[in-house]
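Me: I would like to go through this structure feature by feature. Please give the general idea each time, then the case at hand.

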Amino acid sequence: MIKKIIVIIPARGGSKGIPRKNIRLLANKPLIAYSIETSLKSKYVDKVVVTTDDDEIKFIAEKFGASTIKRSGNLALDDIPLDPVIYDAVKTEEKSCKTIFDFIITVQPTSPLLKTETIDETIEKLYDNFNDTIISVVDDRHLNWGFDDKEKKYYPLYAERVNRQYLPKTFKETGGIFATKREFLSENSRMGENINLIELSSHESIDIDNYEDWWVAERLINKKRIVIKTDATNEIGTGHIYRGLAIASKLPNHEVLFLLDEDKKIRN
């Protein structure tokens, strides 16, 4: 059965780490534009809505194709969790379009490297009757430590010191996607009973919270794949290859591939 699916993108005007973060240009495009365009490309999503308290965010979101809901000031305070914000947006949109949505997908504007394929895979998981809520995560296996406030001392959160790849899998929420079925959405929760996870790559899981995150995301977005076609034979020598390597050494921020003709070889 086909479901009615809405993506909600929460975007406040206030941002302490990076001022005006959601509309700041990341690789020549407002940060929020990435999550809007990625969501709009989904083959399942019926509506993409940005909930915001900020007129400039509202204007830019609509320019990039999203619908918008003007959030009340009491839902834009620093200490307000996302649950009541998403609940308010869904209720407002359902009342406006006289439609009840089946799946509620929260996508954060601070995850610009999130892929449309990941959103589609998340939705496909929700179609499974055994899944109520899907949360995006990244593998976070490390030799972690905790702190005992009562004893005032640190303690290991691992049984044995081994290389990272041999540690048991532990996952950290990326914040990028939080998807749930409508019946589990309330003013205080979006969590169903049966939780499933969707694992993201380290690149796709980037959540922009500070200038270092911004720098990494911008470098990844601007990264190009460059092909250098060159050959070496007895007749033409190897100079072309050495010049190609010299060019590649000047392109450390990009992916460089060398393309050679296997029929052209240096013969003894």
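Reply: Start with burial: buried means under 20% relative accessible area, exposed over 50%, and partly exposed in between, with a 1.4 Å probe and protein chains only. This is a predicted model, where local features need pLDDT of at least 70 and side-chain atom pairs count only at pLDDT 80 or more, while totals for chains, interfaces and linings use all residues. Residues are numbered from 1 along each chain as its sequence is written, and side-chain values use heavy atoms, leaving out hydrogens and water.

Me: Is isoleucine 6 buried or exposed, and why?

Reply: Isoleucine 6 counts as buried because its relative accessibility is 0%.

Me: Where is isoleucine 6 placed?

Reply: Helices (H or I, at least four residues) and strands (E, at least two) are DSSP runs, numbered from the N terminus. Isoleucine 6 belongs to strand 1, residues 5–10.

Me: Which residues is isoleucine 6 in contact with?

Reply: Contact means heavy atoms within 4.5 Å. Neighbours within four places in sequence aside, isoleucine 6 touches Lys47, Val49, Glu93, Phe101, Phe103, Ile104 and Ile105.

Me: Now the rings. How many aromatic pairs are there?

Reply: Rings of Phe, Tyr and Trp (its six-membered ring) pair if their centres lie within 6.5 Å; planes under 30 degrees apart count as stacked, over 60 as edge-to-face and the rest as tilted. By this rule there are 4 aromatic pairs. One of them joins phenylalanine 103 and tyrosine 127, edge-to-face, at 5.2 Å centre to centre with 80 degrees between the planes. This pair links distant parts of the chain, 24 residues apart: phenylalanine 103 is in strand 6 (residues 103–107), tyrosine 127 in the loop between helix 4 (116–126) and strand 7 (133–139). Phenylalanine 103 is buried, at 3% relative accessibility. Tyrosine 127 is partly exposed, at 31%.

Me: What is the geometry of the pair of tryptophan 145 and tyrosine 158?

Reply: Tryptophan 145 and tyrosine 158 are edge-to-face, 5.9 Å centre to centre, with 80 degrees between the planes. Again the pair links distant parts of the chain, 13 residues apart: tryptophan 145 is in strand 8 (residues 145–148), and tyrosine 158 is in the loop between strand 9 (153–156) and strand 10 (171–181). Tryptophan 145 counts as partly exposed at 47%, whereas tyrosine 158 is buried at 15%.

Me: Which residues form an aromatic cluster?

Reply: Tyr44, Phe103 and Tyr127 form one cluster.

Me: Which charges sit over rings?

Reply: The test is NZ of Lys or CZ of Arg within 6 Å of the ring centre and within 35 degrees of the ring normal. The charged end of arginine 24 sits over the ring of tryptophan 214, 5.5 Å from its centre. Arginine 190 lies over the face of phenylalanine 178, 4.3 Å from the ring centre.

Me: Which residues other than glycine have a positive phi?

Reply: Arginine 20 has phi near 55 degrees. Its place is in the loop between strand 1 and strand 2 (25–26). Arginine 20 is partly exposed, with a relative accessible area of 31%. Alanine 27 also has a positive phi, about 50 degrees. Alanine 27 is in the loop between strand 2 and strand 3 (29–30), and is buried at 17%.
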